[in-house]
Amino acid sequence: MKPSITAFLAYRGRSATQESVRQLQASPLVRKIFLLAGDRGVEALPGTALIRVDSMRSTRTMRAIVTKAGTGHVLLVTQDTPVIFGQFALERFVSVAEATGAAMMYSDRYELRLSVRTPHPVIEYQSGSIRDDFDFGPVMFYSAPMLRAAWTDIARTSYAYAGLYALRLAAARRAQLFRIGEFLYTVAELDARTSGEKLFDYVDPRNRDVQIEMEAAATAYLKKIGAYLKPKFTPVDLAAGKFPVEATVIIPVRNRVRTIGDAVASVQRQRTSFPFNCIVVDNHSTDGTTDTLRGIAQKDPRVLHLIPGRDDLGIGGCWNEAAHHPQCGRFSVQLDSDDLYRDETTLQRIVDHFYTGRYAMVIGSYHMTNFDLQEIPPGVIDHREWTPENGRNNALRINGLGAPRAFVTAVLRALPIPNVSYGEDYALGLAISREHQIGRIYEPVYICRRWEGNSDANLDIVRQNAYNHYKDKIRTIEISARQRLNAAARTRRRR
C-alpha cells in the first residue's frame with residue numbers, strides 16, 4: 001500500500017501557517033490536512049478542513065485526531081509556528097517509521113532567532129523519559145494504527161491539559177518513540193528564555209491545575225507498566241547508632257568566594273536545642289574560597305573545612321565525603337554554597353520534622369530571590385504537588401524534589417550518592433522513596449539565590465540535553481527497580 005500522511009496543524013489564523021500548508025500540499029504523501037483551531041473566528045485555508053478544538057492538549061482534541069487519522073501516518077504540529085520542512089523530510093519520516101515500526105517519530109530541528117538558524121538537537125527517548133516536558137519539538141510523526149491502539153488506554157479520561165501527554169505515554173507502552181538524529185525541519189524559536197528561567201515552570205502555582213492532570217496521567221501509566229508503588233513505607237529507627245552531633249549541615253563548594261561566607265554565616269546563626277556542626281567540602285577552589293573558609297574554621301570549631309584527597313569529585317562525591325566523615329551527625333542537611341537558611345530556626349524545624357513521622361528524608365520549601373535577596377518569580381517553591389500517598393510516584397514525572405534536602409545519615413551512608421554535579425540529589429530521593437516515606441515542610445525555610453554564577457543559570461542546548469538525558473536515565477533505573485520490586489512481591493504472594 002502506498003504510504004500516506006494525514007496532517008494536523010495547530011492553527012490560530014496566522015499567515016505563517018499558510019506556508020506550512022503549502023509545503024504539505026506540494027507533497028504527494030499528504031492525503032489530507034486538518035487545521036486544529038480553538039478560535040471561533042478563524043476559517044479553513046484553501047485545501048484544508050477545520051476542526052474546532054478546546055485546546056491542543058485535551059483528550060477531546062486527541063479523540064478528534066484519532067477519528068480522522070486514516071490508515072497510514074499522522075503528522076502532528078502542536079504549535080502554530082512556521083515550519084519549514086527540509087529536503088525530503090516527510091519521505092524520511094515515512095521510511096524510518098516503516099523501517100522501525102515505531103509508534104512515533106521525532107527529530108532534531110533548526111531554530112530561527114533573529115534570522116539566525118541554530119541547531120537544536122534533541123535526546124533519545126527511554127523508559128524513564130516520562131516527564132511531561134520532554135522535548136520532542138513541535139513536530140511529531142505517529143503511526144496511525146499505533147495511535148488508535150494507544151487511544152484505547154485513555155478513551156475514558158477527560159483531560160483538559162494532559163490528553164497529548166497521556167496519549168504519548170500510552171503509545172510508548174506499545175512501541176518505541178524513535179528519534180531521528182537529523183535536522184528535518186526549521187521553526188522559529190518557541191521559548192527564548194534562559195534555561196534558568198524555565199527551570200521552575202512546573203512548580204509555578206499558576207500551573208497547579210495542569211500539574212494535577214499530569215500527575216493523574218503519569219500515575220495511571222505507572223500502574224499499567226507495573227512501576228506504581230502503593231503508599232506503604234518502612235519507618236526509620238532514628239535512635240539507631242551513635243553520632244558526635246545531632247545534625248550536620250553539608251556544603252559542597254568550588255569557587256564561590258562571593259557567596260560561601262554568607263552561606264556559612266547562615267548556619268552559624270542557627271539556634272537549636274541540640275549540638276550541630278557544618279562540614280564544608282571545598283572541592284579544590286582556586287578563587288579565594290579556600291582562604292575564606294580557612295579563616296572561618298579557625299574561629300569556629302563547629303565549622304569543618306574539608307579538602308578532599310581526590311580531584312575527581314562532583315557535587316555527589318563531595319556529599320559522600322561529608323556523609324561518611326566521622327564528625328557527621330545523625331542527620332545530614334543540605335545547604336548550597338549560593339544559598340542561605342531563611343532564619344535561625346531552619347535547622348531546628350528540619351530535625352524536629354524527622355521525628356514527626358520517622359522519615360528517612362525531609363525536604364523543605366524555599367524562597368527564590370536574586371543575589372540581593374529580592375524576591376523573583378515564581379516566589380515560594382513549596383512543591384505542594386507532593387502528597388504522602390502519591391508523592392513518590394509523581395516524583396518520577398517531575399524534574400526535582402525541592403530544597404533544602406535532609407537525610408538520616410545512616411540511610412545516606414547505605415546509598416552512595418552518584419558522583420556527578422547534576423541530578424545526584426534527585427537520584428538519591430527517588431531511591432530513598434522506593435522504601436521510605438519522605439517528609440515535607442511546606443513553609444519556606446530556605447533562600448535560593450538565582451544569579452549569573454549559578455551552575456544552571458544559562459545552559460546551552462548541549463548541556464541541557466546532557467542534564468535531561470541523565471535525569472531520564474535516573475528515572476529509567478528507578479522504574480526498573482520498582483517493577484522488579486513489584487514483581488518480587490507478586491511472586492511471594494503466589495507462594
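Start with the rings: searching the whole structure turns up 15 aromatic pairs. Keep in mind that this is a predicted model.

Select Tyr106 and Phe136 to see one of these pairs, an edge-to-face arrangement with 5.0 Å centre to centre and 90° between the planes. Colour by secondary structure and you'll find Tyr106 in strand β6 (residues 104-113), with Phe136 in the loop between β7 (116-120) and β8 (139-143), so this contact ties together parts that are 30 residues apart in sequence. Tyr106 and Phe136 are both buried.

Show the four side chains together: ring pairs link Tyr106, Tyr125, Phe134 and Phe136 into a cluster.

Next, some charges over rings. Pick Tyr110 and look for Arg117, which lies over the ring face at 5.7 Å from the centre. Then jump to Tyr426, where the charged end of Lys471 sits over the ring, 5.1 Å from its centre.

Last stop: helix α3, residues 89-100. Its twelve residues should span 16 Å at 1.5 Å a residue, and the end C-alpha atoms are 17 Å apart, which agrees. Which residues of α3 are buried? Select Ala89, Leu90, Phe93, Val94, Val96 and Ala97. As for that spacing, an α-helix has 3.6 residues a turn, so residues three or four places apart point the same way. Step past the end of α3 and you reach Gly101, with a positive phi near 70°.

Note on methods: Residues numbered from 1 in each chain as written. Predicted model: local features only at pLDDT ≥ 70, side-chain atom pairs only at ≥ 80, totals over all residues. Heavy atoms only, no water. Helix = DSSP H or I, 4+ residues; strand = E, 2+ residues; numbered from the N terminus. Expected span 1.5 Å × (residues − 1). Buried < 20%, exposed > 50% of the residue type's maximum accessible area, 1.4 Å probe, protein only. Phe/Tyr/Trp six-rings, centres within 6.5 Å; stacked < 30°, edge-to-face > 60°. Lys NZ or Arg CZ within 6 Å of the ring centre and 35° of its normal.
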